[in-house]
Every structure is written in structure tokens, then in C-alpha cells.
Amino acid sequence: MKGNVEDKRTLRVASVQFESAPGRKEANFRKIEAFVERAARQNVRLIVFPECCITGYWFIRNLSVEVLAQMAEPIFDGPSSLRLIELAKKFRMTIGAGLVEAGPADTFYNSYVVAMSDGSAQRHRKLHAFEHLSIRSGSEFTVFDIPDGFRVGVLICYDCNIIENVRLTALQGAEILIAPHQTGGCRSKNPHLMGVIERRIWENRRADPDAIERELRGDKGRGWLMRWLPSRAHDNGLFLIFSNGVGIDDDEIRTGNAMILDPYGRILAETWKADDDMVIADLDASLLAESSGRRWMRARRPQLYGPLTVPTGKECDTRKLKFEE
């Protein structure tokens, strides 16, 4: 974990929020391509798009297995992966975007593809999936080097809720956490956890921008994120790129709030725009080595942590937990 405070590496990154059209891959790809072109003009080297932004997200839970199978694609040699790889090569940029993966033997995953400028690609399968009875959870952490000289990890949405996932990603050397989401405005029985945004407020956002801004910046959106998201970056000494859906997502309204945080949990760039949007920041690697989280990780006593791997008997399937909220 030792680093060099004289580390001269920098990286310009972008986080995008956008409203995905359910099942309309071509329409969603046009948005992705437009943002990539815009980012390239501003010398961005890594751009992060939301979870399942290629396929659409929350409508998935109501699909039949047959329709899900028609929409899902293999990763790496499927059309969406190949399109992302070509886009990354064309603009000499690393690009991350999410979709439903068709795995082997009729399995499905909520997956994220990171395509790189050298023509290579990496995949992360969501560790805590719940979107459909036929979508399985992944079982591997995803940490790798990108051509621009940084080591990155990927955790999708609910994965980031579990603090052990972020710590293990950091321990595998991640300096940047790519964190694609579809969150905010979620239905919940818990009065202290987000809550649904009325659709009329979203649809009336241009006539009454203050009303939707209160929702996106309040406890249904940014307010909830601020309770925990900066600590994931701070406590693990890594940059965090939070990308999210915004707007109508089946029967919920996503809250956007795309943001980029530094290893001290400070916000480098953010938006609460009630629309598709992108934020950009320059990451300064010299912040990593002596950040609080990295110093604290050097004080770890792993011999004490064996009980973390012992089941308590209270563990519960993520899907059951999600739909009981």
C-alpha cells in the first residue's frame, strides 16, 4: 500500500447520468456515443456510464425469461461489447457501460463492460443482483490496469453498499472505483431510506425546476448518497466515479447526482441537473499515497478479521432484502 507523494500521474475522467430507454439499445447507444464525442473534445481519458444503461434497467424485473433472453447479449463478442470496443479505439478512451449479459448455459447477469483504447475489455458481474429471478449474482472482484497507467475496480450499485466489497477492491490495488448505479427515488418501506418521487414533479421539471431540484438534492437523492458514498472513497483511499440513471425508470424516478470524489471523500465535480448530464474532473495521483484511508489500511491487523468470513446465520439473499425494503 506504500505510495509516492511525488506521484505525477493525472487522469481526466467523466461521469455521465442519463435516462435510458427500456429495451431500446440503439437509442441508448446514440446517447453514449454523443457523450463520448463530447468528452473526447475535452480530453477525457476515462468515461463512466450507468448500470444497465445499454438495455434499460428497472423494467427488467417484469420481463419473461424469453424476452430477457432476447435482450441479453454475450460479453466481449456480443454486438454491444464490440461497439464499445470500437468506440474506445476510435476515441482513444476507456469507456464503461452496463447491460444484461447472456452467460453460458442459459444464465444471465447484470454486467458492466469496460472497453479500452488498446482493443481489450474487462467485465464485472454484479455481486448482489436482484433485478430478475433469472439473473444470477457474480462471484468475482474486478480490478485491472487501464492503458493510462491507473488501476481501477468496478462495483455495480448494491455492490457498493457492502463495505467489504469496496475494501477488497482497494486491497487488490484499485486506485479508482468505477461505480455505476441506478438508484435514488427508490420505493421503500423504511421512512429513513430514500422514497418515491412523484412522476408529475419530474414531468413538470421545466415549469417548476425548484420542486425537482429539492427532490434530487434532498434525502431521496443526494442527501442519501452523502450519508455513505464519500466514506467509501475516504476509508479506502481511492477515487470514486459515481454514475447514475436520471429520470423515468419504469415506475420510479432516478435522481442522477453524477459525481467524482477524491481519496479524501471530497467532491471534485457533481451535478444535480434534472436531465442527462456529464461532469469532468482531473484525478491527481499524488493524493493517493498519504490519504487517510491508505494510511489506516497500513495499520490493519488481518489476524483479527477471521470472523468476517464466518456466517452469522443472519445473511439473506439480496433480492429478498431489496423487495422487503
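**Salt bridges in a predicted model**

Arg61, Arg187, Asp249, Asp250, Asp251, Glu252 and Arg254 are joined in a network of salt bridges. The model is a predicted one. Across the whole structure, a search turns up 32 salt bridges.

Asp251 and Arg187 form a salt bridge, with 3.3 Å between the closest N and O atoms. How accessible are the two partners? Asp251 is partly exposed, at 36% relative accessibility. Arg187 is partly exposed too, at 41%.

Now turn to helix H1, which spans residues 25-41. Here Arg30 forms a salt bridge with Glu26. The closest N and O atoms are 3.8 Å apart, and the cut-off for a salt bridge is 4 Å. Why can the two residues pair along the helix? They are four residues apart in H1, so about one helical turn separates them. Arg30 has a relative accessible area of 48%, which makes it partly exposed. Glu26 is also partly exposed, with 40%.

A further salt bridge joins the side chains of Arg298 and Glu290, at 3.6 Å from N to O. Are these residues buried or partly exposed? Arg298 has 36% relative accessibility and counts as partly exposed. Glu290 has 30% and falls in the partly exposed class as well.

Terms used:
Residues are numbered from 1 along each chain as its sequence is written. This is a predicted model: local features need pLDDT of at least 70, side-chain atom pairs count only at pLDDT 80 or more; totals for chains, interfaces and linings use all residues. Side-chain values use heavy atoms; hydrogens and water are left out. Buried means under 20% relative accessible area, exposed over 50%, partly exposed in between (1.4 Å probe, protein chains only).
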